[in-house]
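Work through the exercises below with the model open beside you. Try each task before you read its solution.

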Amino acid sequence: MSEQTQERGPSGPRRVVVTGAGMAGVQTAVALREQGFTGTVTLIGAEPHQPYDRPPLSKAVLLGTAESSAFDIDFEALGIELRLGCEVFGLRPADHELDTEAGPVPYDVLVVATGAEPVRLPGAEGVPGVHLLRTLDDVERLRPVLARRQDVVVVGAGWIGAEFATAAREAGCAVTVVEAAGRPLAEALPAEAAAPMTAWYDDAGVVLRTHARVERVEPGAVVLDDGSRLPAGAVVVGIGARPATAWLAGSGIELGEHGEVVADARLTTSVPDVYAVGDCASFPSERYGERLLVHHWDNALQGPRTVAANIIGAATGAPPAVYDPVPYFWSEQFGRFVQYAGHHADADRTVWRGEADGPAWTVCWLRASRLVALLAVGRPRDLAQGRRLIEAGTVMDEALLADPARPLKSAKA
């Protein structure tokens, strides 16, 4: 039976296609096999490289201390077909087919895991020396910048900007970070939590320019809107990312306000037989009472298990698996290990553990005395214990919680 005419088997889908070969796509394919799926699994990736993990790109791979961050997975042994260097540019749900540059690809069940793409700096495309940091090819272009110790201007003091600035300083580059807001991580953290991080830049020898907007980028320079001219052998843009979903236009799949696929609690989409997972999809959180769009590694690791369970469960009649995680991410910057768990948007109380100008501290956010989120700097035990307390919805004693010498788990009310 040919691929084009193979029928959906009596026990459920026999052909699952996953588009996107990043963490979410790879883990979906692996989870299907781990959970017992015996049909065809095809993983399609736009890049020609063997699927790889992204977090090491801004650290070990960029600095040359690791040659690769390829996943240590034997796809052949798992019976996962890889189609790499194959861009997907359309979806026709009525035909159960993807349109790719290599021709149409049929599916019984499709998993959209195309991730996110970096936001580009307006007016900077085509200017020599302007870089993004998202892919392995981006890293290969940036390595010579560090090797030559060029003057670097980083646009954006978010997570990726701070991580690249850290690596560039370690390589001996002069680094200036330009941020339109008044502090680092303005879109990710409240002012009180992000404010202490401003001093980290100065401590590392990085010049941080806040309330600074880029007027234009020229070869060898960045010009700010106040007329300042910053020398730049290279410019690295880190001003955010957006879901890579433009290829879904006209497919009938519902997209949200940020262009993300709107998935339900089972990570199914508005179109039958199509799931979405990872950076490209939002999901409703009963825990937090709102829809979440999480652009972090752990989401791309955890969500695929739910997708695989529901693909298999739809055929076996098993109860649907619901995805409602405690979001988690981490960052290594300026010699500090920064971790965050939860979602602080509707917290009504903030409790500090430790001094913000010290080497290690934690911020805890509470709602109705229950721990809903925390940011831990150099306190991984707080993070590990706090994440479990958030999952359990534990009521906390604020006075005990504020004592940094007390284990966080012992601060229960």
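The model is predicted: local features need pLDDT of at least 70, side-chain atom pairs count only at pLDDT 80 or more, and totals for chains, interfaces and linings use all residues. Residues are numbered from 1 along each chain as its sequence is written, and side-chain values use heavy atoms, with hydrogens and water left out.

**Exercise 1.** Find the strand order of the five-stranded open sheet, and name its edges.

*Solution.* 
- Start with the strands: these are DSSP runs (E, at least two residues; helices are H or I, at least four), numbered from the N terminus.
- Next, apply the pairing rule: two strands pair if DSSP finds at least two bridges between them.
- The order is then β22-β23-β26-β25-β24, with antiparallel pairing.
- β22 (328-333) and β24 (349-353) are the edge strands, as each pairs on one side only.
- From one strand to the next, the twist averages 15 degrees. Axes here are lines fitted to C-alpha atoms, for helices over the stretch in contact, and angles run from 0 to 180 degrees between N-to-C directions.
- Now zoom in: six bridges pair β22 with β23 (residues 336-342). Alanine 341 in β23 sits opposite tyrosine 328.

**Exercise 2.** Why is one side of β18 and of β21 left without a neighbour in the sheet?

*Solution.* 
- Write the order: β18-β20-β21, an open sheet of three strands with mixed pairing.
- β18 (261-262) and β21 (290-293) are at the edges with a single partner strand each, so one side of each has no neighbour in the sheet.
- Phenylalanine 283 has leucine 292 in β21 as its bridge partner.

**Exercise 3.** How many residues lie between β5 and β6 in their hairpin?

*Solution.* 
- β5 (residues 97-100) and β6 run antiparallel, joined by four bridges.
- Aspartate 99 faces proline 104 in β6.
- Two residues lie between the strands of this hairpin.
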